[in-house]
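Open the model in your viewer and keep the sequence panel beside it. The stops below say what to select and what is found there.

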Amino acid sequence: MIQKEKKIITLIGLSIFITISIQVYWNINQYQSNRLMVMNDIQNTFNEVVHAYAERFKATNQNATTDQILDVIDQHGDSIQQTVNRILKDLEQIDMKQALLEKRDGIQITVITHHHDLDSLIQLLDAAMNQKQFKIAYNLATIENGQVVDEVGEHLSEKTSLQAFSKIEDFSGVTFRLRYTNPIRATFIKGLAGLTSSLILLILVILTLFYLLRIIQQQKQISQIKNDFISNITHEFKTPIATVSTALEAINTFNEQPL
């Protein structure tokens with residue numbers, strides 16, 4: 001009985017260990033999958049913010065270019081309007097820098113150098129990150145010809161942080177880099193439903209196995225009580241029976257006058 005009980009306890013312990021191991025393995029894989037999904041969400045958010053910034057930057061610089069062209073045109077009459085219309089049309093179709101570098105009749109051209117306002121970009125990024133509830137530290141940098149030319153935000157280690165890059169065709173040779181901390185909180189929130197269901201299932205399995213062990217122990221106690229009861233009853237029956245049997249044997253043996 002003791003050996004059988006040990007085998008049952010060992011089997012229950014092994015079942016609990018296997019169940020926990022499977023759940024831990026599944027949760028680790030689920031965490032990695034959710035982490036990649038969060039990183040993709042951050043990359044997409046960064047791309048959207050950079051695209052919105054590019055549109056705003058382009059519109060702002062187009063207006064500034066128009067004002068400068070009007071200031072330097074040295075022609076009069078209808079030719080001014082025609083020239084301005086032609087240049088503005090070119091600005092809508094091709095890169096601003098290329099359009100300004102083209103020589104026009106009697107027009108003095110001023111070239112405007114791209115200077116990106118990372119403070120404005122990081123404000124757009126802050127709004128987007130707050131909207132998507134990404135509670136992470138990050139910084140922004142502009143990279144030209146493989147070199148960082150400007151950087152704003154938190155100072156983060158390259159070894160412990162993650163990176164995302166975004167590039168706009170209108171900004172030739174300019175790449176925006178987003179460096180951010182590991183999105184642990186966002187990853188757990190994304191996989192909260194799966195983690196909760198896994199924990200509930202694990203708790204139910206463990207409770208069921210412990211309940212089974214308790215029932216086995218109760219059955220063992222009941223069986224022990226039954227055996228003790230039968231043993232006591234048997235003893236109580238054997239005592240008078242043995243006494244009567246001994247008396248009868250004595251009478252038959254030592255009585256000279258048989259009954």
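Begin with the surface of the whole protein chain, in this predicted model. The protein chain exposes about 18100 Å², and carbon and sulfur atoms supply 57% of that area. Of its 259 residues, 27% count as buried.

Next, colour by secondary structure. The protein chain has 6 helices and 4 strands. From the N terminus the elements run α-α-α-α-β-β-β-β-α-α. Among contacts in the protein chain with a separation of 6 or more, 67% are between residues 24 or more positions apart.

What is the strand order of the open sheet? The 4 strands are arranged 2-1-4-3, with antiparallel pairing. Strand 2 (147–153) and strand 3 (162–167) are the edge strands, each pairing on one side only. On average, neighbouring strands of this sheet are turned by 25 degrees against each other, direction ignored.

Move to strand 4, residues 174–180. Strand 3 is joined to strand 4 by 6 bridges, and the two run antiparallel. For one of its pairs, select N139, whose bridge partner in strand 4 is R179.

Show the side chains of strand 4. Which residues point one way and which the other? V174, F176, L178 and Y180 point one way, while T175, R177 and R179 point the other way. In a regular strand the side chains alternate between the two faces of the sheet. Is strand 4 mostly covered or mostly exposed? Strand 4 is mostly covered, with 7 of its 7 residues buried.

For the last stop, select F229, I230, I233, F237 and I241, which make a nonpolar surface patch of about 520 Å². I241 lies in helix 6, residues 192–254. Why does I241 count as exposed? The relative accessible area of I241 is 56%, and exposed means over 50%, so I241 counts as exposed.

Key. Residues are numbered from 1 along each chain as its sequence is written. This is a predicted model: local features need pLDDT of at least 70, side-chain atom pairs count only at pLDDT 80 or more; totals for chains, interfaces and linings use all residues. Side-chain values use heavy atoms; hydrogens and water are left out. Two strands pair if DSSP finds at least two bridges between them. Axes are lines fitted to C-alpha atoms, for helices over the stretch in contact, and angles run from 0 to 180 degrees between N-to-C directions. Buried means under 20% relative accessible area, exposed over 50%, partly exposed in between (1.4 Å probe, protein chains only). Contact means heavy atoms within 4.5 Å. Accessible areas come from the Shrake-Rupley method with a 1.4 Å probe; for residues, only the protein chains shown count as cover. Patches are made of residues with over 30% relative accessible area and no salt bridge: like charges are joined within 9 Å, nonpolar side chains (Val, Leu, Ile, Met, Phe, Trp, Tyr) within 5 Å. A salt bridge is a side-chain nitrogen of Lys or Arg within 4 Å of a carboxyl oxygen of Asp or Glu.
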